[in-house]
2 protein chains.
Amino acid sequence: MHIEQVFGRNEDSLQKLSKEIGCGYATDSEKIFPDADLYLIAVSENAIPEILEKINLHNKLIVHTAGSVPVDILQPYSDHYGVFYPLQTFSKQDDINFREVPFCIEANSPENMEKLVDLAQNISDDVREINSEQRRILHLAAVFACNFPNLLYIIAEHILHENNLDFDILLPLIKQTTLKITKDSPANLQTGPAIRNDMETIHKHLELLEDKPVYKEIYKLLTATVISYQ
Amino acid sequence: MHIEQVFGRNEDSLQKLSKEIGCGYATDSEKIFPDADLYLIAVSENAIPEILEKINLHNKLIVHTAGSVPVDILQPYSDHYGVFYPLQTFSKQDDINFREVPFCIEANSPENMEKLVDLAQNISDDVREINSEQRRILHLAAVFACNFPNLLYIIAEHILHENNLDFDILLPLIKQTTLKITKDSPANLQTGPAIRNDMETIHKHLELLEDKPVYKEIYKLLTATVISYQ
């Protein structure tokens, strides 16, 4: 795998990135290198159409990396297209072991699928064929499994701080909770007052949330949902 | 630290446990060994008063291990009492590194506090003095940080299974989410469509949940809460 060129708006970051990679860079779509084997569009979902309008590579393999965007958005712009979607949350400062990151691949032909799977297997040990409908579902499931739990951590931290307690006291518990789901289905692992139908504790908790109507509403809705699983 | 005796109802498990520990056991409260330095009541919260009624150890240090039960429940039964609360989720088959488990200690006197802290430090590197009010809050926060995220994992798994996708595809993402909160406050780490105010994706997700009214309600409430943080 050889990266020929990076394209973008911000010349400073492009310079830095291209230096790190050892490749060229361009900020002008006219200067996009025309003979690459693959063009990878890794921008925010809303910016994809804008980029597509700028490039003219109808015989080249073009892919995007977005969770919720169907593969067909690329169809008007090339005869060869696909999706190259790493299911992970990224920040610039993160140290990520890419060999563990699931890569979800889609392509408009078996030949393009093979090319993309080969490339993904260079990066990761977990490469899966996932169609656009499944990728949409995956993105939704990731909101439940990643974005929403983080909100609940924010709420826990807030409640603790108000009572002069540090959030770090919960970290071993959170670690254990997420370790368990690597070994068994979460459906077998629910604990806490709701699954025990421990109404005394639930009422005590709701009292503690008396002056926090939103947290109280969340507590009630999630508790009722757990109770419905009994 | 030497365990003299284990007391309980189920003779089979007591036999097994006492053999593992190398100590005696009793199922009859009359046979409880009267000269121990510490009596530790590790039963479900509702069963604590029943146990207390059976024992007669007014000069002995008695502790319970419950999150939501005030220390004062022990006051009528001894002049020396406290709480010995490990903040962790336990199942029989779990392998837990106890040195990482936070032990929350409360006692009715500085002398008893010292004894309990000494004991806890034999087991864990994270021993904290936590009063009954803080412990109640801690238990509530643990519901938000552990029980409720597990419910969201159940929902994610359900949505995935309905679309022939395996839950394990989300594990690296969940792992990364909980790794990040060991390094920064979750308040700085919220990602996803809600915090970006990406209404297009949010509406797509709500459509996907059209036939799941409870999941849809949870999605809407948690999304609205994240949006209110912007």
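1. A search of the whole structure, which is a predicted model, finds 20 salt bridges over all chains. A salt bridge here is a side-chain nitrogen of Lys or Arg within 4 Å of a carboxyl oxygen of Asp or Glu. One of these pairs crosses between chains: K175(B), in helix 5 (residues 171-180) of chain B, pairs with E100(A), in the loop between strand 5 and strand 6 of chain A. The closest N and O atoms of K175(B) and E100(A) are 3.3 Å apart. Helices (H or I, at least four residues) and strands (E, at least two) are DSSP runs, numbered from the N terminus.

2. A word on conventions: residues are numbered from 1 along each chain as its sequence is written, and chains are lettered from A and ligands numbered from 1 in the order in which they are written. Local features need pLDDT of at least 70, side-chain atom pairs count only at pLDDT 80 or more, and totals for chains, interfaces and linings use all residues, while side-chain values use heavy atoms, with hydrogens and water left out.

3. How many salt bridges are there between chain A and chain B? The count is four. There are also 28 residue pairs in polar contact between chain A and chain B, both residues being at pLDDT 80 or more. A polar contact is a pair of N or O atoms within 3.5 Å; within protein, one must be able to donate a hydrogen and the other to accept it, and residues adjacent in sequence count only if both atoms are side-chain atoms.

4. On the side of chain A that touches chain B, the elements giving two or more residues are helix 4 (132-162), helix 5 (171-180), helix 6 (199-208) and helix 7 (213-228) of chain A. Helix 4 of chain A supplies the largest share, 26 residues. By class, this side of chain A has 48 nonpolar, 23 polar and 15 charged residues. Ala, Val, Leu, Ile, Met, Phe, Trp, Tyr, Cys and Pro count as nonpolar, Asp, Glu, Lys and Arg as charged, and the others, Gly among them, as polar.

5. In total, 86 residues of chain A are in contact (heavy atoms within 4.5 Å) with 86 residues of chain B. The two chains bury about 8400 Å² between them, 68% of it on carbon and sulfur atoms. In chain A, F144(A), I169(A) and L173(A) lose the most area to chain B, together 8% of what that side buries. Buried area is the accessible area (1.4 Å probe) that two parts lose on being put together, summed over both.

6. Now to the sheet of chain A. Its five strands form an open sheet in the order 3-4-5-6-7, with mixed pairing; two strands pair if DSSP finds at least two bridges between them. Strand 3 (38-41) and strand 7 (127-129) of chain A are the edge strands, each pairing on one side only. Strand 4 (residues 61-64) and strand 5 (residues 80-86) of chain A run parallel and are joined by four bridges. Within strand 5 of chain A, V83(A) is the bridge partner of H64(A).

7. In chain B, an open sheet of five strands also has the order 3-4-5-6-7, with mixed pairing. Strand 3 of chain B pairs with strand 4 (residues 61-64) of chain B in the parallel sense over four bridges. H64(B), in strand 4 of chain B, is the bridge partner of I41(B).
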